[in-house]
Amino acid sequence: MDSTDLALTKFGIGQPVPRMEDPTLLRGEGRYTDDINLAGQAHAVMVRSRVAHGTIRGIDATEARAMPGVLGLYTAADLGAYGPIKPGIMIPTRDGSPMRAPPRPALPAERVRFVGEAVAFVVAETAAQAKDAAEAVLIEIDPLPAVTTPDAAVAADAPLLHAEAPGNVFLDYHYGDTAAADAAFARAAHVTRLKLASNRIVVNPLEPRSAVAHYEPGKEHFTLHLGCQGVFGMRQSLKDILRTTPQKVQVLTGQVGGSFGMKASVFPEYVCLLHAARALGRPIKWTDERAESFLSDHHGRDHEIEAALALDADGNFLAVRLAGFGNAGAFSVAALPFTVNAVKNVVSVYKTPVVEVSTRGVLTNTTPTGAYRGAGRPEGNYYMERLIDTAAAELGVDRLALRRRNHIKPEAMPYKAPSAMLYDSGEFTAVFDKALALADWEGFDKRRAESRARGLLRGRGIGSYLEVTAPPGKEMGGLRFEADGTVTMITGTLDYGQGHASPFAQVVVDRLGIPFERLRLLQGDSDQLIAGGGTGGSRSAMSSGAALVEASAEVIRRGREIAGVALEAAAADIEFARGRFTIAGTDRSIGILELAQRLRAGLKLPTELPQSLDVSLAADTPPSAFPNGCHIAEVEIDPDTGAVAVVRYAMVNDFGTLLNPLLAEGQAHGGIVQGIGQALLERTVYDGEGQLLSGSFMDYAMPRAGDAPMFDFLSHPVPAKSNLLGVKGCGEAGCAGSLPSVMNAIIDALAPYGIRHIDMPATPERVWRAIREARPG
């Protein structure tokens, strides 16, 4: 077996190749933002509001300015030249007008709107000096009444947070045909209704946010080092805020220790650092502390939904309806989760002729909420799966049969869903049946009896899901043949823990036969990108994968012409396979890396031919794909304490073509554990004055290894027809399957008490109270 055969066999598409970066990270040689130190840098610390809502009467910085090492102290008055921070996507209201999202300044001039909002910042020679000075800044705030829940915020007597959003509603969203929905519910033989809450999450990535800003006055050029989810998009947002051109801003990102959607946005701290770097003529560094992160990082989820499912006399779904609120916090960051993504994902794998979603985006005196793993995709599937289990219980029918009856069949593909999505592929019943077998559904009674003998309740739950991945756009596909014989893949997604380098390299190995160990990945330098959609919405394998396929095809096209010169043959006679250009019908050939070396050595080419194998293109990314699956969880509950343990977990997923099954399974594991965390543990609590009561790991429970069982993982890949690789995405599917499967299992375990619903998180206290209320005394 030659090296090309080895590369294709061991490192091609479908092989379980470990993450390329792991040896570096395991040796402690990763380069995260806080590892970056520039010559002459100073340090910044934010001064944050301790009041949830109030009018700023004054800022006394006299003592702070005089403290040792202090170089500058800045307030909103210093940042008036910069533009506001805007939401990433503007969602139209039900009448077609733009949503009324209040602009967010980097620092507020007149009013604070949540605890933790940065009001000023100090720059000093050391981080300790900056922190000391920040603590000496006195902010005089006249408190105003605060609201922390949507119900309170839309009340007639509620305080108004922003003049731009009357009644504290910045978005009144509607999708669907109301008349058709009304008719479907009117003729329904049965309607199931549930009030469902998707609890607020503190994102808590392993690496806190950090940034280092630098300014070159001669060039009027800004450089920002930070962890994010895509440097190209970050640069585009920053240049608007800085009121400059893209060429004047460079964003650099190294390793990123998790994000889950949160680090995709511009935060006020970044504008502050860039201003200070320009004002002081020195690099400025800032790294968040965990206590600040709880307050200032965008939170996730926080939706209150009234869901309804209409069924006919045979159990066929007629319509699904969602109505409710999304709690955006003090500013709108991302409205997609409770609007567009709710529409796209609530239909899931089921024939549902009509869908209607009516939701309002509400502003409250809490930390702004943004995207969090799935950004509405897990919630949409959660709503549907809880409705189905509840409907089955109300009707006294088998929950398996109800699901099978309503599955979209393979022969219906392509299927036009009422969400306007066109499903291209999927075998939902086959996936469902495989999951039941993997979970040993038929053996459950024995396991339940064993649990009962130990004084425990046992339940099982199903979480079927279908996700709609991010919509199409532009993505860079670049391949650069380096002087040292390596090849750099350049693309605008960004790895913040997913492990992009290996699967992207596997695509290039498959297309060009380049040895795996020769491939490198570059994503984190905005100056080297011509396009980039960033990472999010389970899109990277589709967007960067498709871009690298297109780039590989262009390398081959160029290589045929160049190899014709090197081999003294007509380009039309040159064939390419397994990493080599060959004259058709002969054994004369040249390898692709050898050809690149010949070019570096001075191979003379006619001017009309490509002068390099290097490729840099912006590819149209494929349309959304539809990863789907079925997860089945089993839980045990101690009725005396309310403690819940997930004791078995099986899943069958259709991620389309698996570029790397090892990493796909790892992504599923991570998403499932995050779903378990939301379902059982994570609870964000504000008091009536807007103070965060769950503001540390002493008060906020995160999932640990002991909270998750061993996972049984099986794939049922049905390649997507919408992209060249047949991939569907897998990054967020774990959450989409785990939320409903775990919660349905809890309700199944509590069914003997007549309990039909319990909201997340199902903490021991909440479960214990539900049992006591159902069984007084």
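F11 and F516 are both buried. In this predicted model, the rings of these two residues have their centres 4.6 Å apart and their planes at 10°, so they form a stacked pair. A stacked pair is one whose ring planes are under 30 degrees apart. F11 belongs to helix α1, residues 3-11, while F516 sits in the loop between α15 (501-512) and β23 (519-522), so the pair ties together parts that are 505 residues apart in sequence.

The label follows from the angle, because planes over 60 degrees apart count as edge-to-face. F267 is buried, as is Y270. Elsewhere, ring pairs join F294, F697 and Y700 into a cluster.

The cysteines come next. A disulfide is a covalent bond between the sulfur atoms of two cysteines. How many disulfides does the count give? The count comes to 0 disulfides. C272 is in no disulfide, and the nearest cysteine sulfur, which belongs to C228, is 18 Å away. A disulfide requires two cysteine sulfur atoms within 2.5 Å. C272 is buried, with a relative accessible area of 0%. C630 is likewise in no disulfide; the nearest cysteine sulfur is that of C735, 17 Å away. At 1% relative accessibility, C630 also counts as buried, because the term applies under 20% relative accessible area.

Attention now turns to open space. Rolling a probe the size of a water molecule over the atoms shows where empty space is left. The second largest pocket holds about 730 Å³ of space. It is lined by 29 residues, and those closest to its centre are V45, M46, V47, R48 and E292. Which elements give two or more residues to this lining? They are β1 (42-48), α4 (127-136), β6 (138-143), β12 (284-287) and α9 (290-296). Strand β1 gives the most to the lining of this pocket, with 6 residues. By kind, the lining residues of the second largest pocket divide into 17 nonpolar, 4 polar and 8 charged.

Is T352 buried or exposed? T352 lies in the loop between α10 (340-346) and β16 (354-363), and T352 is buried, with a relative accessible area of 0%. Leaving aside neighbours within four places in sequence, T352 is in contact with F317, A319, V320, V347, M384, Y415 and P418.

T364 is found in the loop between β16 and β17 (369-370). T364 is also buried, again with a relative accessible area of 0%. When residues up to four places away in sequence are not counted, T364 touches R113, V147, T148, T149, P150, A153, L161, R200, N327, G329 and A330. T364 and M476 are 112 residues apart in sequence, and their C-alpha atoms are 39 Å apart in space.

The last topic is the backbone. Most residues other than glycine have a negative phi, and most peptide bonds are trans. Where does this chain depart from these patterns? The peptide bond from M413 to P414 is cis, with omega near -5°, and P414 lies in the loop between α12 (399-406) and β18 (415-416). The peptide bond from M760 to P761 is cis as well, with omega near -5°. P761 is located in the loop between α19 (733-750) and α20 (764-774).

As for phi, R301 has a positive value of about 60° although it is not a glycine. R301 is placed in the loop between β13 (299-300) and β14 (303-311), and at 3% relative accessibility R301 counts as buried. D440, which is also not a glycine, has a positive phi near 55°. The loop that holds D440 runs between α13 (428-438) and α14 (444-453).

Notes
Residues numbered from 1 in each chain as written. Predicted model: local features only at pLDDT ≥ 70, side-chain atom pairs only at ≥ 80, totals over all residues. Heavy atoms only, no water. Buried < 20%, exposed > 50% of the residue type's maximum accessible area, 1.4 Å probe, protein only. 1 Å grid on protein atoms, 1.4 Å probe; cavity = no way out; pocket = protein on both sides within 12 Å on 5 of 7 lines; lining within 4 Å. Points joined across faces, edges and corners; volume = space filled by probe spheres on them. Helix = DSSP H or I, 4+ residues; strand = E, 2+ residues; numbered from the N terminus. Nonpolar A, V, L, I, M, F, W, Y, C, P; charged D, E, K, R; others polar. Contact = heavy atoms within 4.5 Å. Phe/Tyr/Trp six-rings, centres within 6.5 Å; stacked < 30°, edge-to-face > 60°.
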